[in-house]
There are 2 protein chains.
Amino acid sequence: MTDGFARHLKPPYFAVIFTSQRREGDNGYDQMAERMVELASGMPGFLGVESARDAAGLGITVSYWQSEEAIRDWRRHAEHRIAQERGQKEWYAHYELRVAAVTRAYAGPPERQP
Amino acid sequence: MTDGFARHLKPPYFAVIFTSQRREGDNGYDQMAERMVELASGMPGFLGVESARDAAGLGITVSYWQSEEAIRDWRRHAEHRIAQERGQKEWYAHYELRVAAVTRAYAGPPERQP
């Protein structure tokens with residue numbers, strides 16, 4: 001994800017949409033977030049991740065996976081579970097997490113002809 | 001979406017995940033974005049929207065819909081089509097758009113007991 005996009009994924013695949021409002025203060029969040037991307041990237045079935053957080057602390061991270069089993073294994077990963085617990089106690093004022101099956105995908109803008 | 005979350009949606013429903021990199025300059029973008037949220041909110045089958053864009057111009061907007069037909073009608077909406085064209089020509093350096101069926105959803109953190 002050099003430019004922030006998960007490109008060239010061929011449906012069907014799965015998405016975990018994680019929308020969250022950060023609390024004030026870092027409290028080790030940035031380091032954890034970086035580590036989680038590193039860890040997830042090494043998991044079987046991981047396809048990519050896209051993430052954006054605005055100045056008010058509202059963020060959306062979408063990770064893409066080959067199967068629901070891959071998502072389950074990632075959810076249960078020991079180090080990820082510790083991060084989940086810290087997230088609930090320290091980092092997030094609120095979050096919504098959704099699991100979805102991606103059926104269609106498009107990229108753009110279309111290449112312009114000279 | 002007073003606080004940026006689409007809350008209390010009951011799966012199954014559908015999500016349109018739109019990840020985009022903005023070009024430099026506003027060129028009427030902010031006004032259009034606001035208008036599109038207003039328009040979409042009035043469409044049949046619209047359930048909610050969540051959106052975040054970071055300082056580097058990478059953004060993720062996820063809109064939620066009752067059915068694939070509602071998504072199709074929104075895609076074809078005349079004013080939305082004009083915005084799509086301007087997006088391709090003026091506003092976006094790159095985008096990825098995905099349609100997905102949300103099967104499971106969770107919110108948190110869990111309420112803490114006193």
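A:Asn27 has 45% relative accessibility, so A:Asn27 counts as partly exposed. The structure described here is a predicted model. In this model A:Asn27 is found in the loop between S1 and helix H1 (29-41) of chain A.

Most residues other than glycine have a negative phi, and most peptide bonds are trans. Phi of A:Asn27, however, is near 50°, a positive value in a residue that is not glycine. A:His8 also has a positive phi, near 65°, and is not glycine either. This residue, A:His8, lies in the segment before S1 of chain A. With a relative accessible area of 67%, A:His8 is exposed.

## Cis peptide bonds

Two peptide bonds can be looked at here. The bond from A:Pro11 to A:Pro12 is cis, and its omega is near 5°. A:Pro12 belongs to the segment before S1 of chain A.

In chain B, the bond from B:Gly108 to B:Pro109 is cis, with omega near -5°. B:Pro109 is placed in the segment after strand S4 (92-108) of chain B.

## Layout of chain A

Chain A contains three helices and four strands. Read from the N terminus, the order of these elements is β-α-β-β-α-α-β. The C-alpha trace of chain A spans about 50 × 35 × 20 Å along its principal axes.

Chain A has 114 residues, of which 46% count as buried. Take the contacts in chain A between residues at least 6 apart in sequence: 76% of them join residues at least 24 apart.

## A buried glycine

A:Gly45 sits in the loop between H1 and strand S2 (46-53) of chain A. Is A:Gly45 buried or exposed? Its relative accessible area is 18%, so A:Gly45 is buried.

Which residues is A:Gly45 in contact with, leaving aside its neighbours within four places in sequence? They are A:Tyr64, A:Trp65, A:Gln66 and A:Ala70. The C-alpha atoms of A:Gly45 and A:Asp73 are separated by 9.6 Å, and these two residues are 28 residues apart along the chain.

Helix H2 (residues 68-76) of chain A packs against helix H3 (residues 78-91) of chain A at an angle of about 65°, and their axes are 5 Å apart. Angles from 65 to 115 degrees count as roughly perpendicular, so H2(A) is roughly perpendicular to H3(A). On the H2(A) side, the contact is made by A:Trp74, A:Arg75 and A:Arg76. On the H3(A) side, the residues are A:Ala78, A:His80, A:Arg81 and A:Gln84.

## Aromatic rings

Over all chains, the structure holds 16 aromatic pairs. One of them joins A:Phe18 and A:Tyr92, whose ring centres are 5.3 Å apart and whose planes are at 70°, so the pair is edge-to-face. The pair links distant parts of the chain: A:Phe18 is in strand S1 (residues 13-22) of chain A and A:Tyr92 is in strand S4 (residues 92-108) of chain A, 74 residues apart. Both A:Phe18 and A:Tyr92 are buried.

A:Trp65 and A:Trp74 form a stacked aromatic pair, with 6.2 Å from centre to centre and 25° between the planes. A:Trp65 and A:Trp74 are both buried. A:Phe18 and A:Tyr92 also belong to one aromatic cluster, together with A:Tyr29, A:Trp91 and A:Tyr95.

## How the two chains are related

Two copies of a chain are related by a rotation about an axis and a shift along it. Here a rotation of 180°, with 0.0 Å of shift along its axis, superposes chain A on chain B with an RMSD of 0.0 Å. That is the relation of a two-fold axis. Of the interface residues of chain A, 100% are also interface residues in chain B, so the copies meet through the same surface.

Note on methods. Residues are numbered from 1 along each chain as its sequence is written. Chains are lettered from A and ligands numbered from 1 in the order in which they are written. This is a predicted model: local features need pLDDT of at least 70, side-chain atom pairs count only at pLDDT 80 or more; totals for chains, interfaces and linings use all residues. Side-chain values use heavy atoms; hydrogens and water are left out. Rings of Phe, Tyr and Trp (its six-membered ring) pair if their centres lie within 6.5 Å; planes under 30 degrees apart count as stacked, over 60 as edge-to-face and the rest as tilted. Helices (H or I, at least four residues) and strands (E, at least two) are DSSP runs, numbered from the N terminus. Buried means under 20% relative accessible area, exposed over 50%, partly exposed in between (1.4 Å probe, protein chains only). Copies are superposed by least squares on the C-alpha atoms of residues with pLDDT of at least 70 in both. Contact means heavy atoms within 4.5 Å. Axes are lines fitted to C-alpha atoms, for helices over the stretch in contact, and angles run from 0 to 180 degrees between N-to-C directions. Angles under 35 degrees count as roughly parallel, over 145 as roughly antiparallel, 65 to 115 as roughly perpendicular and the rest as oblique.
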